[in-house]
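Please consult the sequence and the structure alongside the text.

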Amino acid sequence: MHPNEKVKGSGRFFGRIWVEDTDGNIVRFNGTFTHPNIEDTSKFYFHFDSWRMNVQPDVWLPVAVYVEETSASKGRSL
């Protein structure tokens, strides 16, 4: 999935989304939240991975979340 460049806003999601084929619920998503201006390298970026589980009918809740903050200008984790 690629960010929609036509939409204005504070940031962009670049990553993958897994959807269950029965009802279209989001099961997992992972990727990066970035600043909309690609030339702005002074900002920090959030890399994340989140899993959801069907805990009861029609109720999907996060069961695991991983987040890592990265500086784009240094290209390394903080």
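Phe13 is placed in strand β1; strands (E, at least two residues) and helices (H or I, at least four) are DSSP runs, numbered from the N terminus. The model is a predicted one, in which local features require pLDDT of at least 70 and side-chain atom pairs pLDDT 80 or more, whereas totals for chains, interfaces and linings use all residues. Residues are numbered from 1 along each chain as its sequence is written, and side-chain values use heavy atoms, with hydrogens and water left out.

**Overall composition.** The chain holds five strands and zero helices, and its elements follow the order β-β-β-β-β from the N terminus. Of its 78 residues, 21% are buried, where buried denotes under 20% relative accessible area, exposed over 50%, and partly exposed the range in between (1.4 Å probe, protein chains only). Taking contacts between residues at least 6 apart in sequence, 20% join residues at least 24 apart; a contact means heavy atoms within 4.5 Å.

**The β1–β2 hairpin.** Strand β1 (residues 12-19) runs antiparallel to β2 and is joined to it by eight bridges, two strands being paired if DSSP finds at least two bridges between them. Six residues separate the strands of this hairpin, and Gly24 in its turn has a positive phi of about 80 degrees. Phe33 in β2 is the bridge partner of Phe13. The C-alpha atoms of Phe13 and Thr32 are 5.8 Å apart in space, although the two residues are 19 apart in sequence.

**Aromatic side chains.** Which residues form the aromatic cluster? Phe13, Phe29 and Phe48 form one such cluster. Two aromatic pairs are found in the whole structure; rings of Phe, Tyr and Trp (its six-membered ring) pair if their centres lie within 6.5 Å, and planes under 30 degrees apart count as stacked, over 60 as edge-to-face and the rest as tilted. Phe29 and Phe48 form an edge-to-face pair, with 5.8 Å from centre to centre and 70 degrees between the planes. Because Phe29 belongs to strand β2 (residues 26-34) and Phe48 to strand β3 (residues 44-56), this pair ties together parts 19 residues apart in sequence.

A further ring interaction involves Arg28, which lies over the face of Trp18 at 4.6 Å from the ring centre. The criterion for a charge over a ring is that NZ of Lys or CZ of Arg is within 6 Å of the ring centre and within 35 degrees of the ring normal.

**Accessibility of selected residues.** The table collects the values for residues discussed in this report.

| Residue | Relative accessible area | Class |
|---|---|---|
| Phe13 | 22% | partly exposed |
| Phe29 | 21% | partly exposed |
| Thr32 | 14% | buried |
| Phe48 | 17% | buried |
| Ser50 | 5% | buried |
| Asp58 | 67% | exposed |

Thr32 is part of strand β2. Its side chain and that of His47 are joined by a polar contact of 2.9 Å, defined as a pair of N or O atoms within 3.5 Å; within protein, one must be able to donate a hydrogen and the other to accept it, and residues adjacent in sequence count only if both atoms are side-chain atoms. Apart from neighbours within four places in sequence, the residues in contact with Thr32 are Arg12, Phe13, Phe14, Tyr45, Phe46, His47 and Phe48.

Ser50 lies in strand β3. Not counting residues up to four places away in sequence, Ser50 touches Val27, Arg28, Phe29, Pro62, Ala64 and Val65.

Asp58 is located in the loop between β3 and β4 (59-71). Its phi is near 65 degrees, a positive value in a residue other than glycine. Asp58 and Asp23 are 35 residues apart in sequence, with a C-alpha to C-alpha distance of 8.8 Å.
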